[in-house]
Amino acid sequence: MTRDLQSWVKECVELAQPEKVSWCDGSATEYKELVRGMLKDGSLIELNPATYPNCFLHRSNPNDVARTEQLTFVCTTNKDDAGPNNNWMSPDAAKQKMKLLFRGSMRGRTMYVIPYIMGPVGSPYSKVGVEITDSPYVAASMHIMTRVGTVALDQYTRDREFVPGLHSLGDCSPDRRLIVHLPEERSIWSFGSGYGGNALLGKKCFALRIASFMARHEGWLAEHMLIMGLEDPSGEVTYMAVAFPSASGKTNLAMMVSSLGEKGYKVWTVGDDIAWLSIDSEGRLRAINPEAGFFGVAPGTSHETNPIAMHTMEKNSIFTNVALTPSKEPWWEGFGTPPPAGLLDWHGKTWMNDGKPAAHPNSRFTSPARQCPIISRHWEDPQGVPISAIVFGSRRSDTIPLVTQAFNWEHGVFLGASMGAETTAAATGAVGVVRRDPMAMRPFCGYNMGDYFSYWLSMGKRLKKPPLVFRVNWFRKDGNGKFLWPGYGENIRVLRWILDRVRDKGKVVRTPIGLLPTPDSIDTAGLSLKPNALQDVLAFDRIGWKKEVDDIEGFFHQFSERLPVELSQEVLNLKNQLSD
Ligand code: OXD
Ligand code: MN
């Protein structure tokens, strides 16, 4: 979609009426200036320069601490094109609403114009976006999360295409908060929130919602997936793309310290949240990470659970809504050290240890990906990395085995489309209820998911050698509510089995739900598991699956005639086999 950048910026200036317009060039000097301004007005606090050099703490408005799905809209001309998975408004109504909100909203403020690239510089798969914002915190965060400035303008000069995103903090009132996507126009409008996914428009808004829509028209996929390389003892690296629902450990998996390191199995990080997947000239799937940084959940991250992330964030990072120690270091629940006396909570008040967390449960670190000690040497390869396996992850305490291989691509699409996760106390609503989250894209698919499933099926036909598809679940529990599988660095044992399958090795048993590993085909040497834990975590639970398939069928029902027949057929096949 050819669009003129200067005219769009002019329109935005006329609408929002900023005092000043500042074009971002992406330089280190510019970053320093943004930081200097925020230190001066108190919106950033400098952390201990000896232990966290060039790191800062930002506290967001307490009413603005998470993505707000209920205020997020996908505005297609035809309501059905947005699907039951999205909130919908007509594009005209949306633009009218947004124009009212934005009118004069930047008076007295600086408008930052941020040209950025999603994807490596020089990659045929990369795309340009331009975010206009009145938040210097957003401008600084975009410096970390994307490639900002001159490089992006250069690509725009060649492509003549960009995805515009207009953002304003407004007064941060939840009553005037709205995040609107117009996929047919490829544009984004976001008002009233300064929080990550709502405000850093390159991430969920562009790289997933708008990009998934573009991808369907252009023949590729934009997915909520980490990308990792698994090195074997011969030094060969096999790449996988792995989807997990939000806050289910994607960053931990992408940066895993392998417990089989001594045997020569190690992990290389390419990305921790988003994958853009394209078919190359040889008919193989290739992935790029469109992002340049990590926007990771802080609580629970420690030298125990994710030492690589801890090292990644120890310089040049912005922390949001974490607690602050008297020695000006960040702290959060699960940090791995006891809370020090004099700790300030995420509001900046002395923490009373009265049952309320010191750090907000959704507090974050924003760090450059290049600082990750195990970043893959191909993470910025313009051609991306070849994907040999796609893994769909569930977070389920029962029914779903540790790992299952799909029979074929169609069955793999069914595994992805029927993914579910149990809700946790961190989310509103009942706890422990299974919420279906197909391909972990439920909050991020920019069009009707029925069409999305059909499109996934069509990708399989276009691939000469489709990646193998798997489903994993690290979270299955025993009758006493204890995890059956240790998780974290031990998950390498499951990835190793996946690698065996990619190489036509590894033993399986065929069951109605897919191919399951034989217990002896998972390397458990040196692992102390309770008796039968491996059998239990791998077990096919016929009774549980009878309930599961009914639930999946009920979920699919809402897509009515947009649900591809192949998926109805998969449900039928499974039902028949379960009743045998
Ligand atoms: C994220 C999310 O921030 O999925 O990555 O919510
Ligand atoms: Mn995510």
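A polar side-chain atom of Arg364 sits 3.0 Å from an oxygen atom of ligand 1, in a model that is predicted. An N or O atom in the side chain of Lys204 is likewise 3.0 Å from a ligand 1 oxygen, and for a polar side-chain atom of Asp273 the distance to an oxygen of ligand 1 is 3.2 Å. Taken alone, ligand 1 exposes 210 Å², of which the protein buries 90% (Shrake-Rupley method, 1.4 Å probe).

The residues surrounding ligand 1 are Arg67, Lys204, His224, Ser246, Asp273, Arg364 and Phe444 (a heavy atom within 4 Å). By class, this shell has 4 charged, 2 polar and 1 nonpolar residues; Asp, Glu, Lys and Arg count as charged, Ala, Val, Leu, Ile, Met, Phe, Trp, Tyr, Cys and Pro as nonpolar, and the others, Gly among them, as polar.

Elsewhere, two helices meet. Helix H11 (residues 409-417) and helix H16 (residues 565-579) have axes that come within 10 Å and cross at roughly 85 degrees; H11 and H16 are therefore roughly perpendicular (65 to 115 degrees). Glu410, His411, Val413, Phe414 and Ala417 of H11 contact Glu566, Leu567, Glu570, Val571 and Leu574 of H16 (heavy atoms within 4.5 Å).

Residues are numbered from 1 along each chain, and ligands from 1 in the order written. Local features need pLDDT of at least 70, side-chain atom pairs 80 or more, and side-chain values use heavy atoms.

Definitions and conventions. Axes fitted to C-alpha atoms, helices over the stretch in contact; angles between N-to-C directions. Helix = DSSP H or I, 4+ residues; strand = E, 2+ residues; numbered from the N terminus. Parallel < 35°, antiparallel > 145°, perpendicular 65-115°, else oblique. Polar contact = N/O pair within 3.5 Å; in protein donor to acceptor, adjacent residues only side chain to side chain.
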